[in-house]
Amino acid sequence: MTEQLKQLRDKIDAIDNELLKLINARAELAQEIGRRKNGVTYRPERESQVLTRLQQLNSGPLTSERVTQLFTEIISACRAMEEPLTVAYLGPQGTFSEEAVTKRFGNTVLTLACHTIDDVFREVESGSAHYGVVPVENSTEGAVGRTMDLLLQTSLTVCGEIELAVHQCLMAQQSDLAAIQKIYSHPQSFAQCLGWLKTHLPNLQTIARIDAASNADAASRAATDQNAAAIAGKKAAAVFGLTICAKNIEDEPNNTTRFLVIGTQQVSVSGKDKTSIVLSTSNRPGAIHELLAPLARYQVSMTRLESRPSRKGLWEYVFFIDIEGHQENENIAKALEELRNNATFLKILGSYPAAQ
């Protein structure tokens with residue numbers, strides 16, 4: 001048995017040696033490409049194509065998700081040799097927004113934790129960060145209104161999207177649930193976990209529920225209060241030295257948050273894209289039906305429709321729409337042209353690769 005193990009380990013060592021040579025060869029090619037493409041180090045459409053191709057080629061035993069994680073880190077390390085990217089996100093360290101940054105960009109980036117979503121936009125607009133990652137909707141709690149309002153105002157473009165499975169944990173300095181006198185959390189997380197809290201904390205009515213700016217902020221506050229707990233992701237427990245009392249306490253097992261990558265870059269066609277727009281129309285019978293008719297006429301699939309107050313007049317609204325396809329696709333371009341003619345206002349927020 002010992003000799004057989006040695007032979008297997010020798011084979012692994014030989015494969016590792018070959019992998020190291022190949023990864024460094026890849027890095028050299030990435031450097032050469034970087035010298036030829038005038039300083040644009042992040043190409044969302046190209047990276048999406050690479051990951052999609054590898055998922056299709058994957059025959060296991062690694063899952064496609066693991067293959068994507070592995071090659072995201074390889075791409076991240078190679079990209080950093082050209083120019084390290086700075087990515088702003090809603091902090092502090094330990095938030096789901098930070099997890100989204102890692103999922104999309106890998107660990108070889110510089111991160112900039114911001115106090116608010118507004119600050120994320122400002123850091124990218126000022127050039128202090130190359131990109132920003134902001135939450136836009138949750139599968140349980142719906143749209144993030146502040147992000148949508150800022151997308152309407154900003155000159156930035158949507159360059160990508162990230163879908164992150166959100167698993168909430170209850171954490172504290174100790175694991176005795178009976179000792180909890182207050183719980184800190186972001187309001188959306190409270191709402192996502194209310195059923196679990198009612199079932200497992202029978203004295204919930206006597207426990208103070210205190211809103212925090214983010215889940216990581218909640219964890220940091222619980223870390224200074226012996227009788228407090230926080231609802232946050234498991235990474236926050238590690239960052240702030242808390243004990244996880246219960247895992248996966250979200251009421252919906254498929255709880256997912258969608259994030260957008262914002263920047264100044266116009267992204268080319270990847271082959272599997274989305275386009276986000278915001279528009280408005282006059283307030284009259286049939287106006288919305290007439291406005292959206294071009295989407296059906298050109299067989300454009302609409303994946304999301306959200307309304308928000310326009311802030312320009314009483315009972316006036318703008319509509320945020322996501323459609324499948326890139327604005328450079330012929331049918332999309334024709335539909336957008338007609339939409340622009342029908343709408344009183346239209347802004348293309350960006351075309352970008354769909355989440356992996």
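Is Q299 buried or exposed? Q299 is exposed, with a relative accessible area of 73%. Here, buried means under 20% relative accessible area, exposed means over 50%, and partly exposed is in between, using a 1.4 Å probe and protein chains only. This is a predicted model, in which local features need pLDDT of at least 70, side-chain atom pairs count only at pLDDT 80 or more, and totals for chains, interfaces and linings use all residues. Residues are numbered from 1 along each chain as its sequence is written, and side-chain values use heavy atoms, with hydrogens and water left out.

## The chain as a whole

Let us start with the overall picture. The chain has eleven helices and 15 strands. Helices (H or I, at least four residues) and strands (E, at least two) are DSSP runs, numbered from the N terminus. Along the principal axes, the C-alpha atoms fill a box of roughly 75 × 60 × 35 Å. Of the 356 residues in the chain, 45% are buried. A contact means heavy atoms within 4.5 Å. Among contacts in the chain with a separation of 6 or more, 78% are between residues 24 or more positions apart.

## The nonpolar cores

A nonpolar core is a set of buried Ala, Val, Leu, Ile, Met, Phe, Trp, Tyr and Cys residues joined through side-chain atoms within 4.5 Å. The largest one here has 23 residues, and the members that touch the most others are I117, F121, V134, L151, L260, I262 and F320. Two or more residues come from each of β1 (86-90), α5 (117-125), β3 (131-138), α6 (145-153), β11 (256-263), β14 (317-324) and β15 (345-353). The largest share, four residues, belongs to α5. Another core of 18 residues lies apart from this one, and L85, Y89, F96 and V166 are among its members.

Leaving aside neighbours within four places in sequence, L151 is in contact with F121, V158, L260, I262, F320, K347 and L349. T157, in strand β5, is buried, with a relative accessible area of 9%.

## Empty spaces

Rolling a probe the size of a water molecule over the atoms shows where empty space is left. On a 1 Å grid over the protein atoms alone, a cavity is a set of points where a 1.4 Å probe fits but cannot get out, while a pocket is an open set with protein on both sides within 12 Å along at least five of seven lines; lining residues have an atom within 4 Å of a point. Grid points are joined across faces, edges and corners, and a volume is the space filled by probe spheres set on the points. In the table, Ala, Val, Leu, Ile, Met, Phe, Trp, Tyr, Cys and Pro count as nonpolar, Asp, Glu, Lys and Arg as charged, and the others, Gly among them, as polar.

| Space | Volume | Lining residues by type |
|---|---|---|
| Largest pocket | about 1,100 Å³ | twelve nonpolar, twelve polar, 13 charged |
| Largest cavity | about 50 Å³ | eight nonpolar, one polar, three charged |

Of the 37 residues lining the largest pocket, E65, Q69, E99, K103 and L164 are the closest to its centre. α3 gives the most to this lining, with eight residues. This helix has 19 residues and reaches 27 Å from its first C-alpha to its last. The buried residues of α3 include V67, T68 and T72, and what covers its buried residues includes α1 (2-36), α2 and α4.

The lining of the largest cavity includes L151, L260 and F320. β14 gives the most to this lining, with three residues.

Most residues other than glycine have a negative phi, and most peptide bonds are trans. Two peptide bonds to look up are cis: the one from G60 to P61, with omega near 10 degrees, and the one joining G91 and P92, with omega about 5 degrees. P61 lies in the loop between α2 and α3, and P92 in the loop between β1 and α4.

Phi is positive at N248, near 50 degrees, and also at Q299, near 55 degrees. N248 counts as partly exposed, at 45% relative accessibility. Q299 is found in the loop between α10 (287-297) and β13 (302-309).

Note on methods
Expected span 1.5 Å × (residues − 1).
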